[in-house]
Amino acid sequence: MAARISSDTFDDQLEPDLRRFAQAVGFDAGQVACAVEGGLHRARSLQGAGAITREEGRPVAYGVIARAFLVHAAALHAAARRQTPASCKSARLAAVTVDQPPSSEVERLRIGLTSLPPLERAVLLLVVLEGLSYSQASSALGIGRVECAQLLAAARSGLALRLEPARARPPDSGRPQLRLVT
Amino acid sequence: MSDFGKPGQAPDADLCAYLDDECGPGQRRRADSALTQDPALARKLAVWRRNDSTLRAAFSAQTQPARAQNSTDPPIGPLESGGAQKRRMDLAIAAAFLAGALSAGGAFVVANLIAN
């Protein structure tokens, strides 16, 4: 039987990782704090009931954050569909700003991540960034293992589409050419 | 595109499983064989691997400075005590008094010289 751990140790081990995941999916500072607390609370309550082991705790806590993110993303999507023509115009302007060529690979990566569908983004971050196995990521998101692999493949392909054309460009393209004037 | 996975499963999903070490020995052998025969598939794997590294580096770089800053910053010293502040004020008053006395004395000497 797997070892059970105290609440404090559990929180100390998990909190930085949960915080990183919540930031990576796109939550702002306030949402990160709420989501992390929610994840820890859920894992703690299951642990208190004796239903959780160290191995099972991580995907449970990640799952709370991932589901909160999916609900949040769905609400944003629904709100965007209800937008008035005037706010649509501002959304188009924002999209134009985002489409400006970003200066660094990390910026391109962030933009690439936000352009992925929410579920693909969540799977990619759970597996690649947080190191969850397909089984753990599947149970965190409530999907099947095969679907997990398919979503992951779609996310990786989408990210590659976003990042590779920029890598193919020479690093100085787009910058103004400066000439020494004597 | 090579179809090295189970029948009916998307090759890209199999490539993901290969990259994440989530496939069985048989599937891994088929993948190795497909990767040697299909340069496009090998390129795709290399791109995915590189993007994974960029992703991990981006977010570990984001979280590390805060931890590093905490560990390398010198500890902040204790605030000055009230006694030290009082001593500094006493010294300032004494210096002002001395300067005033010197200038008054000088003026007295000059006035006597003029009178004589």
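Let me start with A:Asp17 and A:Arg20, which sit 3 residues apart in helix H1 of chain A, residues 7-25, and are therefore separated by about one helical turn. In this model, which is a predicted one, the two form a salt bridge, with the closest N and O atoms 3.3 Å apart. Are these two residues buried or exposed? Both A:Asp17 and A:Arg20 are buried.

As a reminder of the general point, side chains of opposite charge can pair when their charged atoms come close. Over all chains, a search of the whole structure finds 9 salt bridges, and I would like to go through some of them with you.

The next pair is A:Arg44 with A:Glu37, whose side chains meet in a salt bridge at 2.9 Å, taken from N to O.

Returning to the residues I opened with, salt bridges that share partners join A:Asp17, A:Arg20 and A:Glu130 into one network.

Now for a charged residue without such a partner. A:Glu120, which lies in helix H6 of chain A, residues 118-129, is buried and yet has no salt bridge. Which side chain of opposite charge is nearest to A:Glu120? It is that of A:Arg121, 8.9 Å away, and a salt bridge would need a nitrogen within 4 Å of a carboxyl oxygen. Leaving aside residues up to four places away in sequence, A:Glu120 touches A:Leu151, A:Ala154 and A:Ala155.

Helix H1 of chain B, residues 11-19, packs against helix H2 of chain B, residues 25-37, at an angle of about 110 degrees, and their axes are 10 Å apart. That angle makes H1(B) roughly perpendicular to H2(B). On the H1(B) side the contact is made by B:Asp14, B:Leu15, B:Ala17 and B:Tyr18, and on the H2(B) side by B:Gln27, B:Arg28, B:Ala31, B:Asp32 and B:Leu35.

Back in chain A, one more residue deserves a word, namely A:Gln47, which is found in helix H2, residues 29-48. Its relative accessibility is 12%, so A:Gln47 counts as buried. The C-alpha atom of A:Gln47 is separated by 7.8 Å from that of A:Gly57, a residue 10 positions away along the chain.

Finally, the overall picture of chain A. How many helices and strands does chain A have? There are 8 helices and 0 strands, so that, by the way these elements are assigned, the order from the N terminus on is simply α-α-α-α-α-α-α-α. Of the 182 residues in chain A, 36% are buried. Among contacts with a separation of 6 or more in chain A, 67% come from residues 24 or more positions apart. Chain A exposes about 10,100 Å², of which carbon and sulfur atoms supply 58%.

Definitions and conventions:
Residues are numbered from 1 along each chain as its sequence is written. Chains are lettered from A and ligands numbered from 1 in the order in which they are written. This is a predicted model: local features need pLDDT of at least 70, side-chain atom pairs count only at pLDDT 80 or more; totals for chains, interfaces and linings use all residues. Side-chain values use heavy atoms; hydrogens and water are left out. Helices (H or I, at least four residues) and strands (E, at least two) are DSSP runs, numbered from the N terminus. Buried means under 20% relative accessible area, exposed over 50%, partly exposed in between (1.4 Å probe, protein chains only). Contact means heavy atoms within 4.5 Å. Accessible areas come from the Shrake-Rupley method with a 1.4 Å probe; for residues, only the protein chains shown count as cover. Lys and Arg count as positive and Asp and Glu as negative; His and the chain ends are not counted. Axes are lines fitted to C-alpha atoms, for helices over the stretch in contact, and angles run from 0 to 180 degrees between N-to-C directions. Angles under 35 degrees count as roughly parallel, over 145 as roughly antiparallel, 65 to 115 as roughly perpendicular and the rest as oblique.
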